[in-house]
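Hi,

Here is the structure I promised to pass on.

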Amino acid sequence: MIVWLNVGSLLLGLLAWTLPFVTFRKNQLSLAFMSMGACALSLSFQIFYHHHLVKIGDWSAIMDTSGAVAFASAVLIIITILINALTLMREKKGVAA
């Protein structure tokens with residue numbers, strides 16, 4: 001059951017990156033909020049998974065994966081913010097024109 005946290009984290013991360021590209025022009029702000037929410041849930045799933053590793057005492061797994069998880073989390077946050085910002089700027093530019 002715990003393995004699904006990693007799968008869910010990956011799927012939510014992909015959802016966070018694809019939601020801003022959905023072309024409902026009038027709902028772009030709500031899609032940006034949903035994208036950031038998916039990003040937050042994705043990171044939460046990783047935190048819960050690491051908590052599980054701590055509870056079972058699998059220290060080697062924590063040491064092996066913590067660097068990659070930290071890097072992937074930073075990439076997920078940065079790209080999600082950039083995609084949402086670019087999409088919202090594009091929408092604002094389209095509305096002004």
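Which residues make up the largest nonpolar core? There are six in all: L12, A16, A38, C39, L43 and L76. By nonpolar core I mean a set of buried Ala, Val, Leu, Ile, Met, Phe, Trp, Tyr and Cys residues joined through side-chain atoms within 4.5 Å. Buried is under 20% relative accessible area, exposed is over 50%, and partly exposed is in between (1.4 Å probe, protein chains only). Helix 1 (3–18) and helix 2 each give two or more residues to this core, and helix 2 gives the most, with three. Apart from it lies another core of five residues, including L5, Y49, L53 and A61.

Before going on, a word on the source: this is a predicted model, where local features need pLDDT of at least 70 and side-chain atom pairs count only at pLDDT 80 or more, while totals for chains, interfaces and linings use all residues. Residues are numbered from 1 along each chain as its sequence is written, and side-chain values use heavy atoms, with hydrogens and water left out.

Now the helices, which are DSSP runs (H or I, at least four residues) numbered from the N terminus. Helix 2 covers residues 28–56, 29 residues in total, and spans 42 Å from its first C-alpha to its last. That is close to the 42 Å expected, taken as 1.5 Å times one less than the number of residues. After helix 2 comes G57, with a positive phi near 75°.

Helix 1 packs on helix 2 at about 160°, axes 8 Å apart (axes are lines fitted to C-alpha atoms over the stretch in contact, and angles run from 0 to 180 degrees between N-to-C directions). So helix 1 is roughly antiparallel to helix 2, a label for angles over 145 degrees. Where they meet, helix 1 brings residues including L5, G8, L12 and A16, and helix 2 brings others, among them A38, C39, F45 and Y49.

T80 sits in helix 3 (residues 59–96) and is buried, because its relative accessible area is 0%. Leaving out residues up to four places away in sequence, T80 touches A16, W17, S35, M36 and C39, contact being heavy atoms within 4.5 Å.

Cheers

Conventions. Angles under 35 degrees count as roughly parallel, over 145 as roughly antiparallel, 65 to 115 as roughly perpendicular and the rest as oblique.
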